Amino acid sequence: MSKMRFILAVAVTGLLCFDIVSVSGDIGTAIAYDPPYLPTRCGGYDQEQFPEGGLFAAASDGVWDNGAACGRRYRLKCISGQRKPCKNGSIVIQVVDVCRTNPCQATLTLSNKAFDAISRNPNAKINVEYSHSNLAIEFMSKMRFILAVAVAGLLGFDIVSVSGDIGTAIAYDPPYLPTRCGGYDQEQFPEGGLFAAASDGVWDNGAACGRRYRLKCISGRRKPCKNGSIVIQVVDVCRTNPCQATLTLSNKAFDAISRNPNAKINVEYSQI
């Protein structure tokens, strides 16, 4: 009976176009920034450019899209961070500027009001899910979500939540030596070749050397994820500035969780 309930739940939610396990938006990070907010790259010194309620953001280069992002609205919610910063619910923010640091410190840099609406800690760097806002599509998605949850609950099916930190991963090619952790020592690499170079946030000024993380693919373009998780070891810091992903994986590690060797995937990771 349990198996039949599971199959029926998957079938019904599939018909409803709702993926229970996967993340529906893009994954990134967010921090807060303080006034003065003027001038901006979108509206200069015009005070009227800010949306009612003060929920706006400065975008990182990828989101900024050479200025095409001006005025775009994104639905945003906090999904994880250190010391459980997330508040429930989501907000809609409007892009009014590009980030003011090089490199950008987060995917979206939020006004204080926007950040306070989703995070309990004003000084945190949080993981967020964000998607380009379209009110009609959002309404239909919400209705499908409510119906899917109701059906799954009646069938006794547990919806899976994310328990670790959320980030991104890409692959990198050899040569892997030298590394910042072990130099030219070939013995530094774990058996099986599952290792990674860390981004600045994970690198922790070198303290991450030797740390191990359980890692799994949770989403990406063209459904790249393989089932299961792996354990990787940090042996280096990323070799680009800025880092292109939270974790840059050895080819063997990336191949263990992704069907597409050239993809950039969203991952859940936790230190073990």
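Reader: In which loop is the place of P103?

Author: This is a predicted model, in which local features need pLDDT of at least 70, side-chain atom pairs count only at pLDDT 80 or more, and totals for chains, interfaces and linings use all residues. Residues are numbered from 1 along each chain as its sequence is written, and side-chain values use heavy atoms, with hydrogens and water left out. Helices (H or I, at least four residues) and strands (E, at least two) are DSSP runs numbered from the N terminus. P103 has its place in the loop between strand 4 (91–98) and strand 5 (108–111).

Reader: What is omega for the cis peptide bond that joins P174 and P175?

Author: P175 belongs to the loop between strand 7 (165–172) and strand 8 (195–198). The cis bond joining P174 to P175 has an omega of about 10 degrees.

Reader: What is omega for the cis peptide bond that joins N102 and P103?

Author: P103 sits in the loop between strand 4 and strand 5. Its cis peptide bond with N102 has an omega of about 5 degrees.

Reader: Does D65 count as buried, partly exposed or exposed?

Author: D65 lies in the loop between helix 2 (61–64) and strand 3 (73–80). Its phi is positive, near 55 degrees, in a residue other than glycine. Buried means under 20% relative accessible area, exposed over 50%, and partly exposed in between (1.4 Å probe, protein chains only). Because its relative accessibility is 37%, D65 counts as partly exposed.
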